[in-house]
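Keep the structure open beside you as you read.

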Amino acid sequence: MKATKTRWVKFLGTAGARFVMIRQLRSSAGIWYHLDGFNLLVDPGPGTLVRCASSRPKLDPSSLSAILLSHIHLDHSNDINVMIEAMTNGGFNPRGILFAPPEALDGETRVVLPYLRQAVRQIFPLTPGTQFPLTEKWTLHIPPFRHRHPVETYGYLLTSPAITIGHITDTAFFPDLLEGYKNATILIINVVRLKGDQDAERGIQHLNLEDARTLIREIRPRRAILTHFGMTMLKAHPWEVAAQLTQELGVEVIAANDGMTVDLSAE
Ligand SMILES: [Zn+2]
């Protein structure tokens, strides 16, 4: 008999930053978690709805329990409205939870359409250090700091008695990340750049491979998963980079592919 997977994460897309997204060198769809029956979608970039429909097996957006947006940049937020519609049966069946930075919800910077707000059962603005119980087993934790990125950006931890999934979304490196994500047993890192270059001066504020190495070496999760690749990372072959890090650090490091599912049931 085939064992059923009770916990998994599926990377619908692994594109990072604008050029890989615009040219669709990798899909820019989001990340779908299945956490013991709780379905959570994170950062629905362009193509998320399409990728749900073309996934094998299909992912049904009306089975989503929640959507989390880390920040308003287009490669993360483009499909937020259509996914809210899909989660709520065209807005006719109000349900689900939306987690998003305050600036995604209100004011000039908002990306969630006002008329869709009532379709969602609950909306929680993300703020540093908050936590939200998702189910009896699972809790969403926001580290006690904003990420360093040009817009209001948060990473998150999904904790359960068995595992803690940490996702370091878009950010420049800063030492608080080591403390904030230290409990992650599964660590997902958005590694956009191969090298630092003049990123800081240009205000791009993304992690590079050296930053990812530091994070994995210091946090020492059971497994690290790299995703959200920009052009320089793609050219360096993320799977080779991951194999090298595995050997060097003695931690299993995986490079995500479009459509890759990681089974977390046995963790
Ligand atoms: Zn961004």
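What follows goes from the whole chain to its details.

A word on the ground rules comes first. This is a predicted model, in which local features need a pLDDT of at least 70 and side-chain atom pairs count only at pLDDT 80 or more, while totals for chains, interfaces and linings use all residues. Residues are numbered from 1 along each chain as its sequence is written, and side-chain values use heavy atoms, with hydrogens and water left out.

Start with the chain as a whole. It holds 10 helices and 15 strands (DSSP runs, H or I of at least four residues for helices and E of at least two for strands, numbered from the N terminus). The chain has a radius of gyration of 17 Å, close to the 18 Å that the globule rule gives for 267 residues, so it is as compact as a globular protein of that length. That radius is taken over C-alpha atoms, and the rule is 2.2 Å times the number of residues to the power 0.38. Along the principal axes, the C-alpha trace spans about 50 × 50 × 35 Å. Of the 267 residues, 56% count as buried; buried means under 20% relative accessible area, exposed over 50%, and partly exposed in between, with a 1.4 Å probe and protein chains only.

Now turn to the metal. Which residues coordinate the zinc ion? They are His71 through NE2, His73 through ND1, His149 through NE2 and Asp170 through OD, at 2.2 to 2.5 Å. Donors here are N, O and S atoms within 2.8 Å of the metal (3.2 Å for Na, K and Ca), and water is not among the atoms, so sites may look incomplete. Along the chain, the donors follow the spacing H-x1-H-x75-H-x20-D. Of these, His71 is buried, at 0% relative accessible area, whereas His73 is partly exposed, at 21%. The angles among the four donor atoms run from 89 to 176°, and the site is irregular. Four donors count as tetrahedral if all angles lie between 85 and 135 degrees; four count as square planar and six as octahedral if opposite donors are over 155 degrees apart and all others between 65 and 115; anything else is irregular.

On a 1 Å grid over the protein atoms alone, a cavity is a set of points where a 1.4 Å probe fits but cannot get out, and a pocket is an open set with protein on both sides within 12 Å along at least five of seven lines; lining residues have an atom within 4 Å of a point. The largest pocket holds about 460 Å³, a volume being the space filled by probe spheres set on the points, which are joined across faces, edges and corners. Among its 21 lining residues, Ala17, Arg18, Phe19, Ile204 and His206 lie nearest the centre. Helix H1 (17-22) gives the most to this lining, with five residues.

The second largest pocket, of about 200 Å³, is lined by residues including Lys5, Trp8, Arg56 and Leu59. Leu59 sits in the loop between helix H2 (48-54) and strand E4 (66-68) and, at 9% relative accessibility, counts as buried.

Finally, the largest cavity has a volume of about 120 Å³. Of the 15 residues that line this cavity, Gly13, Ala29, Ile31, Asp43 and His228 are the closest to its centre.
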